[in-house]
Amino acid sequence: MTRKLYDENSHISSFDAAVLSCEERDGHWQIVLDQTAFFPEGGGQAADTGMLNHAHVSDVQEINGEIVHIADSPLKCGDTVHGILDWDKRFRRMQEHSGEHIISGLVHTLYGYNNVGFHLGDEVVTMDYDGELSPEQIAELERRSNEAVWKNVPITAEYPPEDVLAKLEYRSKLDLTENVRIVTIEGYDVCACCAPHVSYTGEIGAIKIIDSMRHRGGVRLTILCGSDALKQYQMLFQEAATLSNLLNVPKDQLVGAVERLFSERAELERALSAREEKLNALRVKSMPAQGRNIVIVDDFDDPDAMRELVNIGMERATGVCAAFSGSDSEGYRYIIGSKTMDLRASAKEINAALCGRGGGRPTMIQGSCSAKRTEIDAYFETFGA
């Protein structure tokens with residue numbers, strides 16, 4: 001039986017151990033040691049990675065009661081090897097997992113909800129609870145969780161005797177009866193958990209709830225802790241600084257500045273729409289009263305105005321009314337309508353002739369093309385004849 005060093009001291013990042021077995025399987029080597037600080041996947045936490053001498057450990061699993069290290073090269077049975085964990089990855093996971101325990105303990109104590117799902121990913125941590133939480137309750141959870149961090153209370157892990165365990169109140173997703181590892185965060189949580197944690201809540205650094213959503217009748221919270229929370233803050237601070245420079249306002253006035261931009265944009269869109277209406281009136285006046293195919297090439301700022309003009313032209317054309325917006329150098333957007341022809345059936349032919357792509361319904365198609373203005377005019381002079 002492998003001695004679990006991570007159970008005894010979660011902060012061991014390197015160790016020496018004897019190789020008990022090494023077997024090749026599926027192109028990798030499965031190595032069992034007499035002791036290890038590598039945590040095998042479990043409890044919602046991924047396995048540790050690192051090195052055993054020259055061999056890279058990419059995964060660790062508990063198989064038939066043995067802790068098996070999955071490595072890319074073999075080790076000799078009986079040799080003593082030096083193990084080194086990817087410590088930054090392990091410590092980040094300990095921060096995140098301990099932060100999850102604090103929040104889940106508070107959710108259970110304050111609102112009576114149970115943690116029914118937990119995933120510690122490479123980017124974020126998600127926790128699912130069997131009840132909904134209001135924005136005010138979530139804000140209170142975040143405040144109290146960080147208060148627990150500031151208090152720097154101890155986090156302990158132990159295997160209580162069966163008689164003690166039977167009387168102990170603790171959170172657990174499973175009905176456990178023996179060899180149960182209890183993680184206690186003094187004053188905040190008592191929970192069955194097999195994973196390594198930080199020793200004091202102050203090591204978590206900070207807890208930030210970054211998202212919440214309804215999930216299967218309850219709520220899913222997404223959090224960042226410690227170094228991940230710091231990276232998120234640094235990224236957001238840099239983005240805020242960039243926006244502050246772009247908008248030429250202090251960072252604490254960004255919301256007001258963006259609201260003004262949206263207001264100004266709405267005003268410009270209204271002015272543009274009014275201008276497009278006037279232009280369309282002039283376009284209608286210049287449109288022939290009737291014809292087989294009517295073609296209009298212009299700069300349309302508003303697709304709705306372009307479609308409206310085609311609708312008017314469809315009433316006058318015995319064939320099609322085609323509107324194009326763009327230039328020979330950059331290509332054209334088109335809308336083509338007809339009351340007498342099935343344009344959906346003709347779309348392939350039209351696109352082939354105009355080096356375009358697009359489609360739609362029998363009465364109207366739209367798309368883009370790279371044909372020149374002269375080619376467009378020449379094509380519709382004979383189209384449908």
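Predicted model: local features only at pLDDT ≥ 70, side-chain atom pairs only at ≥ 80, totals over all residues.

User: Let's begin with the overall picture. What does the secondary structure come to?

Analyst: Nine helices and 20 strands. Of the 385 residues, 42% count as buried. The protein exposes about 20,800 Å², and carbon and sulfur atoms supply 50% of that.

User: How does the radius of gyration of the protein sit against that of a compact globule?

Analyst: The protein has 34 Å, whereas a compact globule of 385 residues would have a radius of gyration near 21 Å. As for the box, the C-alpha atoms fill roughly 95 × 50 × 40 Å along the principal axes.

User: What share of contacts join residues at least 24 apart?

Analyst: That share is 60%, taken among contacts between residues at least 6 apart in sequence.

User: On to single residues. Why is R92 called buried?

Analyst: The label needs a relative accessible area under 20%. R92 has 9% relative accessibility, so R92 counts as buried. R92 is found in helix α2, residues 87-111. Its contacts beyond four places in sequence are L120, G121, D122, E123, V124, S227 and D228.

User: What makes R92 and D228 a polar contact?

Analyst: The cut-off is a pair of N or O atoms within 3.5 Å. The side chains of R92 and D228 are joined at 2.4 Å, so the pair passes on distance.

User: Helix α2 also holds F91. Which residues does F91 touch away from its neighbours in sequence?

Analyst: Setting aside residues within four places, F91 is in contact with H11, V198 and E203. F91 and V198 are 107 residues apart in sequence, yet their C-alpha atoms are 7.8 Å apart in space.

User: How do you know that R90 and D48 form a salt bridge?

Analyst: The test is a side-chain nitrogen of Lys or Arg within 4 Å of a carboxyl oxygen of Asp or Glu. For R90 and D48 the closest N and O atoms are 2.7 Å apart, and the pair is a salt bridge. R90 lies in helix α2 and D48 in the loop between β4 (35-36) and β5 (50-52), so the bridge ties together parts that are 42 residues apart in sequence. Both R90 and D48 are buried. The structure holds 21 salt bridges.

User: What about R144 and E140: where do they lie?

Analyst: Both are in helix α3 (residues 135-151), four residues apart, which is about one turn of the helix.

User: Why are R144 and E140 called partly exposed?

Analyst: That label covers the range between the under 20% of buried and the over 50% of exposed. R144 has a relative accessible area of 30%, so R144 is partly exposed. E140 has 24%, so E140 gets that label too.

User: How do you know that E142 and K208 form a salt bridge?

Analyst: Their closest N and O atoms are 3.3 Å apart, so they pass the 4 Å limit. The pair links distant parts of the chain, with E142 in helix α3 and K208 in strand β14, 66 residues apart. E142 counts as buried because its relative accessibility is 19%, while K208 counts as partly exposed because its value is 40%.

User: Which residues do salt bridges that share partners join into one network?

Analyst: R275, E276, R283, D298 and D301.

User: Why is R216 called exposed?

Analyst: Exposed means over 50%. R216 has a relative accessible area of 81%, so R216 is exposed. R216 sits in the loop between β14 (207-215) and β15 (218-225), and R216 has a positive phi of about 50 degrees although it is not a glycine. N248 also has a positive phi, about 60 degrees, and is not a glycine either. N248 lies in the loop between α5 and α6 (254-286), and N248 counts as exposed because its relative accessibility is 69%.

User: Finally, which residues form the nonpolar patch on the surface?

Analyst: L230, Y233 and F237, with about 320 Å² of accessible area together. Patch residues need over 30% relative accessible area. L230, found in helix α5 (residues 226-247), has 45%, so L230 counts as partly exposed and clears that patch cut-off.

How values were computed. Residues numbered from 1 in each chain as written. Heavy atoms only, no water. Patch = residues over 30% accessible without salt bridge, like charges linked within 9 Å, V, L, I, M, F, W, Y side chains within 5 Å. Areas by Shrake-Rupley, 256 points an atom, 1.4 Å probe, with all protein chains shown as cover. Helix = DSSP H or I, 4+ residues; strand = E, 2+ residues; numbered from the N terminus. Buried < 20%, exposed > 50% of the residue type's maximum accessible area, 1.4 Å probe, protein only. Rg over C-alpha atoms; globule rule 2.2 N^0.38 Å. Contact = heavy atoms within 4.5 Å. Polar contact = N/O pair within 3.5 Å; in protein donor to acceptor, adjacent residues only side chain to side chain.
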